[in-house]
Amino acid sequence: MKNLAKDIGDRLRKGDKVAFEQLYDRYSAALYGMVIRMVKDEDVAKDVIQDSFIKIWKNASKYDPQKAKVFTWMYQVTRNTALDKLRQVKNRGEKEIQIKDSNVYNIGIAGINPDTVDLPEILHQIDEKYRQVIGALFYGGMTQQEASDHLDLPLGTVKTRLKIGLRELRKIFKDPLVLTAFSAEFANIFL
Amino acid sequence: MKEEIREFLNTGLLEQYVLGLLEPSESAEVESYIQRYPEVKKVYQEIQDGMDNLLRASAKPVPAGVKDSIMNQVDDTPPAYISSNPPKVSSFNWLPVAAGLALLFGAFSFFQWNNNQGKEQEIATLEKDFATYKEECESRNLNYANLQKQLEFINHSETDKFLLKGNEKATDFQVIAYWNDFAKKSMLRINEMPQLPDNQCFQLWADVDGKMLNLGIINSTDDLFVDFKYLANAESLNVTIEPKGGSDHPTVADLVANVFI
């Protein structure tokens with residue numbers, strides 16, 4: 001699996017369209033799951049995924065396999081695109097609210113409220129204090145400072161909880177039963 | 001695990017790096033750790049795998065039509081680095097070129113400065129070497145001049161050559177004496193000289209008017225040709241073994257060699 005991902009990453013860098021399509025098939029659902037939780041609007045989420053994959057294609061030559069796995073890089077591109085879109089929608093929404101009621105993208109600031117994020121089931125297996133931080137950073141689209149302000153926690157605590165939370169998740173994913181169940185669930189998406 | 005690595009992993013910077021939450025300077029620090037320490041690289045890979053797993057666990061099917069829309073755009077939009085469109089002059093960004101030229105100029109200046117520094121060092125070394133060779137050359141010239149003089153002396157028509165060969169007391173003793181009454185000068189060539197006890201030495205005497213007069217101690221460490229004391233009216237040359245430092249009067253019983261001149 002790892003070698004396959006590396007191979008696809010290398011081919012992507014060379015502008016291989018088949019590799020790009022394979023990456024889309026492999027990762028778009030995982031990225032969409034993150035994006036829809038962040039923006040809470042299907043149309044916006046579709047725009048974000050579309051813009052993100054176009055960026056991934058256009059900037060394929062900038063991907064450095066020495067620095068990150070291809071999925072990590074794609075995640076970062078997509079997350080930044082989603083944050084840009086949220087800021088753009090928020091600004092547009094605020095302007096239009098001053099003029100008239102708007103039905104363009106019914107999100108705004110509430111869209112990045114981690115309290116209302118539909119967190120994946122797997123996150124409920126870790127302690128709430130870690131889940132809150134990971135939820136805010138992964139699916140709430142917050143910076144660490146924003147998470148610190150929102151959760152009323154010192155910035156250092158946010159950083160520590162992110163670290164421990166991710167390590168707790170690693171332990172869960174190392175459980176063979178979880179991996180088997182997860183793989184089956186993930187496979188169903190593409191069926 | 002090194003304390004430095006443990007401390008770094010405890011900062012949580014690695015996790016933030018994976019999520020893309022760091023400033024460029026912090027990212028550079030993290031990348032440095034990843035490159036330098038396999039332990040950090042391993043944890044980094046695990047965090048990436050963890051994030052991969054987490055996001056797959058929260059995957060949702062992408063609505064229909066998105067893929068087709070993306071693939072259609074991809075068909076019309078080749079990646080930037082394989083673009084076949086020639087760049088437009090109006091949109092050409094000169095900033096990187098200027099920055100590149102500035103960098104090139106800076107690098108060239110540094111190279112020149114560095115090169116000059118190197119040249120100066122090289123010149124200093126050459127000057128030092130030259131001084132050493134010059135000194136050595138002068139020394140050799142002096143030796144050569146001395147040898148010339150010695151050669152002229154021993155080949156002089158008035159120079160007599162006498163072999164002082166050791167008796168049973170010092171069979172290996174063999175010294176050649178060059179004697180010139182015209183130039184009033186003498187010289188020895190030490191061919192062979194046996195090792196004496198530390199408290200003894202070889203001493204050369206000249207018989208002048210029936211008296212043995214001291215000409216000096218012969219040292220085994222002397223050069224091949226040694227200038228020696230000349231005495232007029234000498235009738236013979238004699239070598240004796242004497243206590244270390246030499247004697248005022250020869251120990252005749254310890255006579256090693258003698259020759260009439």
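The accessible surface of chain B comes to about 16600 Å², and carbon and sulfur atoms account for 54% of that surface. Accessible areas here follow the Shrake-Rupley method with a 1.4 Å probe, and for residues only the protein chains shown count as cover.

This is a predicted model, in which local features need pLDDT of at least 70 and side-chain atom pairs count only at pLDDT 80 or more, while totals for chains, interfaces and linings use all residues. Residues are numbered from 1 along each chain as its sequence is written, chains are lettered from A and ligands numbered from 1 in the order in which they are written, and side-chain values use heavy atoms, with hydrogens and water left out.

**Chain B**

Chain B has six helices and eight strands. Along the sequence the pattern reads α-α-α-α-α-α-β-β-β-β-β-β-β-β. Helices (H or I, at least four residues) and strands (E, at least two) are DSSP runs, numbered from the N terminus. Of the 261 residues of chain B, 35% are buried. Buried means under 20% relative accessible area, exposed over 50%, partly exposed in between (1.4 Å probe, protein chains only). Take the contacts (heavy atoms within 4.5 Å) in chain B between residues at least 6 apart in sequence: 56% join residues at least 24 apart.

**The interface**

| Item | Value |
|---|---|
| Residues of chain B in contact with chain A | 45 residues |
| Residues of chain A in contact with chain B | 60 residues |
| Area buried between chain B and chain A | about 4900 Å² |
| Salt bridges | five |

Carbon and sulfur atoms give 63% of it here. A salt bridge puts a side-chain nitrogen of Lys or Arg within 4 Å of a carboxyl oxygen of Asp or Glu. A:Glu21 and B:Lys67 form a salt bridge through their side chains (3.1 Å, N to O). H4(B) supplies the largest share of the side of chain B that touches chain A, 15 residues.

**The cores**

A nonpolar core is a set of buried Ala, Val, Leu, Ile, Met, Phe, Trp, Tyr and Cys residues joined through side-chain atoms within 4.5 Å. The largest has 85 residues. A:Phe138, A:Leu169, B:Leu14 and B:Leu19 touch the most other members. Helix H2 (residues 17-39) of chain A gives the most to this core, with 14 residues. Beyond its neighbours within four places in sequence, A:Phe138 contacts residues including A:Met34, A:Tyr75, B:Leu19 and B:Met51.

Technical notes
Buried area = accessible area lost by both parts, 1.4 Å probe.
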